[in-house]
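Please go through the fold and the charged side-chain pairs of the chain shown here.

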Amino acid sequence: MVSNGPVWITGASSGIGRALALRLADQGRFVVASARSADKLESLAAEAEPLAGRIVAWPLDVTDAAAVAQAVPAIEAEHGAIAQAVLNAGSHTPMAAREFSSETLRKLVELNVFGAAHCLEALIPTMLARRAGRIAVVASVAGYCGLPTAGAYALTKGGLIHLCEALRPELAEAGVVLQVVNPGFVKTPLTDRNAFDMPFLMEVEDAARAFEKGLESDRFEIVFPAAMHWSMRLLRFLPYGLFFRITRRMIPKREGG
């Protein structure tokens with residue numbers, strides 16, 4: 001059962017995070033929305049004004065550990081104990097083998113992994129002390145296996161999945177629900193940059209609806225759409241010979257042949 005306390009959503013200025021914030025506010029929830037863009041957050045809060053609930057903007061860069069450590073107690077001091085946190089901030093930078101860059105990898109790890117880790121570090125002690133609370137960490141079905149040009153992204157999202165798997169039993173014993181969210185392709189500004197076919201592409205409103213439904217449950221993995229989930233699971237468990245035969249076909253064609 002979800003408490004009526006505030007929901008804190010990171011990465012809330014666009015995409016799934018934004019759609020989820022509006023959907024929860026429409027259901028009467030109080031949402032604290034964080035992202036780096038203050039202007040986009042203020043626009044989001046204004047859009048929610050006619051809704052049953054409310055969204056307040058809380059600009060934050062989750063890669064700044066000190067800022068996150070200060071933000072969580074400040075949010076709770078101003079708005080009450082965080083009942084549910086959705087750690088959604090993240091990005092994707094395609095990286096072909098010819099363009100392999102440790103700097104690109106480092107930036108994705110800093111945002112996707114350490115951004116979530118900074119939030120977990122701030123949230124877990126206070127939720128353990130209360131023996132209550134819910135955290136959802138947004139990973140991706142891309143974390144199931146490595147696909148051409150998505151190795152850096154897969155590394156970060158697979159790492160989040162395994163981190164949550166490790167933390168879930170201990171947190172559950174203390175009454176804290178930890179979930180991992182694994183979306184497939186969702187039509188957002190991030191996926192609009194993709195130059196390849198995206199199977200089972202979901203509209204962001206449909207994704208937000210599936211996301212919300214999952215948050216109301218206690219199951220560990222929230223995943224959508226189902227067809228993408230099972231396709232990626234099957235791919236992961238294929239023998240490597242067949243796996244690589246399939247993934248070689250996913251290599252983007254270079255201009256000029």
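The questions and answers below concern a predicted model.

Q: How many helices and how many strands does the secondary structure of the chain come to?
A: The count covers the secondary structure of the chain in this predicted model. It comes to eight helices and seven strands.

Q: What radius of gyration does the chain have, and what would a compact globule have?
A: The chain has 257 residues, and a compact globule with that number would have a radius of gyration near 18 Å. The C-alpha atoms fill a box of roughly 55 × 40 × 35 Å along the principal axes. The radius for the chain agrees with the globule value, at 18 Å.

Q: Among contacts between residues at least 6 apart in sequence, what percentage join residues at least 24 apart?
A: Contact here means heavy atoms within 4.5 Å. Of the contacts in the chain that join residues at least 6 apart in sequence, the share joining residues at least 24 apart is 69%.

Q: Which residue forms a salt bridge with Asp-218?
A: The closest N and O atoms of the pair are 2.8 Å apart, and a salt bridge needs such atoms within 4 Å. The pair links distant parts of the chain, 84 residues apart: Asp-218 lies in the loop between helix 6 (204-215) and strand 7 (221-224), and its partner in strand 5 (residues 133-138). That partner is Arg-134.

Q: Is Arg-134 buried or exposed?
A: Buried means under 20% relative accessible area. Arg-134 has 5% relative accessibility, whereas Asp-218 has a relative accessible area of 43% and is partly exposed. Because its value falls under the cut-off, Arg-134 counts as buried.

Q: What separates Arg-106 and Glu-103 along helix 4?
A: The side chains of Arg-106 and Glu-103 meet in a salt bridge, with 2.8 Å from N to O. Arg-106 is partly exposed at 45% relative accessibility, and Glu-103 is partly exposed at 39%. Because Arg-106 and Glu-103 are three residues apart in helix 4 (residues 102-130), they are separated by about one helical turn.

Q: Which residue meets Arg-209 in a salt bridge?
A: The N to O distance is 2.9 Å. Arg-209 is partly exposed, with a relative accessible area of 40%. The partner is Asp-206.

Q: How many salt bridges does the structure hold?
A: Side chains of opposite charge can pair when their charged atoms come close. Among the salt bridges is the one between Asp-218 and Arg-134. The number held by the structure is seven.

Conventions
Residues numbered from 1 in each chain as written. Predicted model: local features only at pLDDT ≥ 70, side-chain atom pairs only at ≥ 80, totals over all residues. Heavy atoms only, no water. Helix = DSSP H or I, 4+ residues; strand = E, 2+ residues; numbered from the N terminus. Buried < 20%, exposed > 50% of the residue type's maximum accessible area, 1.4 Å probe, protein only. Rg over C-alpha atoms; globule rule 2.2 N^0.38 Å.
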